[in-house]
Amino acid sequence: MNKQEFLIRLRKGLQGLPQNDIEERLTFYNEMIDDRMEEGVTEEEAVSGIGTVDEIVSQIVAETSLSKLVKEKVRPKRALRVWEIVLLTLGSPIWLSLLLAVFAVIFAVYITVWSVIVALWAAELALAVGAFCGVLSSVILIVQVNVIAGIAMIGAGIACAGLSIFLFFGCKETTKGLLFLTKKMISGIKSIFIGRRMENE
Amino acid sequence: MDIQLKRGLLDVCILAAIKSEDSYGYKIIKDMKPYIEMSESTLYTILKRLESEDMLTVQTAEHCGRLRKYYHITDAGLRRIENFKDEWKEIMSIYRFITKEDK
């Protein structure tokens, strides 16, 4: 790939960022490639040394906030005409509620994910407390009430302890998995706003 | 090296690379390469941040018939390096604490 091709692909991939951001980045990579070539490497080598367009784009997307991408997407490319403003205003009960619904759904997914995490850790905590209290109260039972009930209580306490140790690893893995999933979701939402996938890669 | 640790170091390394004289993107990467590696994209992001924090200024100058951006360190940038040196003394004492048992 030569420099021109690289820059064209990069420009396509960054479509969706503010225009001056794109220009500034392209200038930067242009200078980088020129400087590499000045050292005596060929144009192809200089370009491949920079990394692939996909890598660069995904790094930039990860660093750009979602609100910036959305803002750029909804920013009108030219001044709105009067009838467009009228339509937008009249239609606001429809599009505004739709927009709110979209955000409500995203928000709801978040709440759901976090509820699962909180619920799991609550169960884990309950088991741990149950184990501790079970063993503790069994001592009191043995001394003050009767031995059989005390032994049963020890059993219950130990069972709780076993379950809580078991569940702890489950909780840890699930939390990790869910956090990974939400991260994926955000980058998925971002990719709606930025760039166009290149077909002939 | 741990990513979090590296991230903290890169800012200061870039400032150090332009400390004695103004430098440009490719030269900064080349000068740092023996010590710490980073990609062009990372450099761009950090340069932008350092510029917005007034740690450096950018001038465009002509070089061999094309334009090149030169980065110039500010007083705030120099102070940032000095702060880092002070912080490093603390880190060294923590390091000695960590490796105390090894001797």
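Ala119(A) counts as exposed because it has 11 C-beta neighbours inside 10 Å, where a residue is termed exposed if 12 or fewer other C-beta atoms lie within 10 Å of its own, buried if 20 or more do, and partly exposed in between, with C-beta atoms placed from the backbone. The structure is a predicted model, in which local features need pLDDT of at least 70 and side-chain atom pairs count only at pLDDT 80 or more, whereas totals for chains, interfaces and linings use all residues. Residues are numbered from 1 along each chain as its sequence is written, and chains are lettered from A, with ligands numbered from 1, in the order in which they are written.

Ala119(A) is placed in helix α6 (residues 82-144) of chain A, helices being DSSP runs of H or I with at least four residues and strands being runs of E with at least two, both numbered from the N terminus. Although 52 residues separate Ala119(A) from Cys171(A) in sequence, their C-alpha atoms are 9.7 Å apart in space. Chain A contains seven helices and zero strands, and of its 201 residues 15% are buried. Of the contacts in chain A with a separation of 6 or more, 70% are between residues 24 or more positions apart, a contact being a pair of residues whose C-beta atoms, placed from the backbone, lie within 7 Å.

Chain B has four helices and three strands, which run from the N terminus in the order α-β-α-α-β-β-α. Buried residues account for 18% of the 103 residues in chain B, and residues 24 or more positions apart make up 53% of its contacts with a separation of 6 or more.

The contact between the chains takes 14 residues from chain A and 10 residues from chain B. On the side of chain B that touches chain A, at least two residues each are supplied by α2 (25-32), α3 (40-52) and β3 (66-73), and α3(B) gives the most, with four residues.

The largest nonpolar core has 29 residues, with Ile14(B) and Ile18(B) having the most contacts inside it; such a core is a set of buried Ala, Val, Leu, Ile, Met, Phe, Trp, Tyr and Cys residues joined through C-beta atoms within 7 Å. Elements of both chains give two or more residues to this core, among them α1 (3-14) of chain A and α1 (3-17) of chain B, while the largest share, five residues, comes from α4(A). Leaving aside neighbours within four places in sequence, the contacts of Ile18(B) include Ile28(B), Leu56(B) and Tyr71(B).

Methods:
Two residues are in contact if their C-beta atoms, placed from the backbone, lie within 7 Å.
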